[in-house]
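Subject: Structure for your review

Dear colleague,

Please find the structure below, together with its sequence.

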Amino acid sequence: DTKCNSMESEMEGGGGKRTDEREREGEEAIKEEDEVKMEKEEGGASSQVREDHFHIWHGEPFTDRKSTFQAHVVEVHTKEEVQSVLNVLKCDRKIAAATHNILAYRLYNETHSTCQQDCDDDGETAAGGRLLQLLQMMDRRDVLVMVSRWFGGILLHGDRFKHINNVARILLLESNVGCKRDEEPATKVKRKHQ
């Protein structure tokens with residue numbers, strides 16, 4: 001009996017330590033969750049999420065006739081970073097399930113004063129080129145923008161290009177990703193009704 005009692009008291013003591021450890025781990029997990037929530041709340045209409053070592057901005061989804069459009073913007077400096085960001089984005093089940101993930105990027109080389117740029121329509125004919133044209137018109141550098149479209153079953157014809165560019169433009173203005181160093185960040189974004 002005394003042997004069993006001493007074992008029970010040792011187990012109770014050990015169990016108490018484990019409980020304390022679990023409580024500490026739980027508190028740390030809650031702090032991390034709160035930090036992620038605060039980051040999302042501070043982002044306002046869009047949210048900035050640290051995924052891997054990239055700061056990826058996710059815009060507010062926009063829906064028209066059951067099709068939903070959402071922009072994603074991130075600062076990149078090399079083609080390898082472009083590929084890494086695409087891998088991170090496509091690990092998100094929702095983004096991977098999109099009907100189209102249209103993208104464009106521009107990488108600026110200060111030494112040669114040139115931009116390396118590319119785009120991908122992902123089945124949405126000519127949409128990638130239009131996104132790239134938006135980046136050129138806004139003179140954004142070292143930036144990748146991807147717009148996910150979830151098709152709702154109703155053809156939008158030309159409106160789809162307007163929505164793709166609008167969600168991208170809004171997020172580029174909100175995030176200030178890709179602005180030239182001497183350019184002042186936008187303080188307030190005027191939103192056009194879509």
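The side chain of Asn101 makes a polar contact with the backbone oxygen of Ile95, at 3.0 Å. A polar contact is a pair of N or O atoms within 3.5 Å; within protein, one must be able to donate a hydrogen and the other to accept it, and residues adjacent in sequence count only if both atoms are side-chain atoms. Please note that this is a predicted model, in which local features need pLDDT of at least 70 and side-chain atom pairs count only at pLDDT 80 or more, while totals for chains, interfaces and linings use all residues. Residues are numbered from 1 along each chain as its sequence is written, and side-chain values use heavy atoms, with hydrogens and water left out.

Asn101 belongs to strand β5. Strands (E, at least two residues) and helices (H or I, at least four) are DSSP runs, numbered from the N terminus. With a relative accessible area of 5%, Asn101 is buried; the term means under 20% relative accessible area, with a 1.4 Å probe and protein chains only. Beyond its neighbours within four places in sequence, Asn101 is in contact (heavy atoms within 4.5 Å) with Ile95, Asp120, Asp122, Met146, Val147 and Ser148.

**The chain as a whole**

The chain has five helices and seven strands, in the order α-β-β-β-β-α-α-β-β-α-β-α. Of its 194 residues, 36% are buried.

**The nonpolar cores**

A nonpolar core is a set of buried Ala, Val, Leu, Ile, Met, Phe, Trp, Tyr and Cys residues joined through side-chain atoms within 4.5 Å. The largest one has 24 residues, and those touching the most other members are Phe69, Val73, Leu131, Val145, Val147, Ile164 and Leu172. At least two residues of this core come from each of β4 (67-75), β5 (100-109), α4 (127-137), β7 (143-150) and α5 (159-175). Helix α5 gives the most, namely six residues. Apart from this core lies another, of 15 residues, including Phe54, Ile56, Leu89 and Tyr105.

**Strand β2**

Why is strand β2 largely enclosed by the rest of the structure? Four of its five residues (54-58) are buried. Strands β2 and β4 run antiparallel and are joined by three bridges; two strands pair if DSSP finds at least two bridges between them. Within this pairing, Ile56 stands opposite Val74 in β4.

Yours sincerely

Terms used. Buried means under 20% relative accessible area, exposed over 50%, partly exposed in between (1.4 Å probe, protein chains only).
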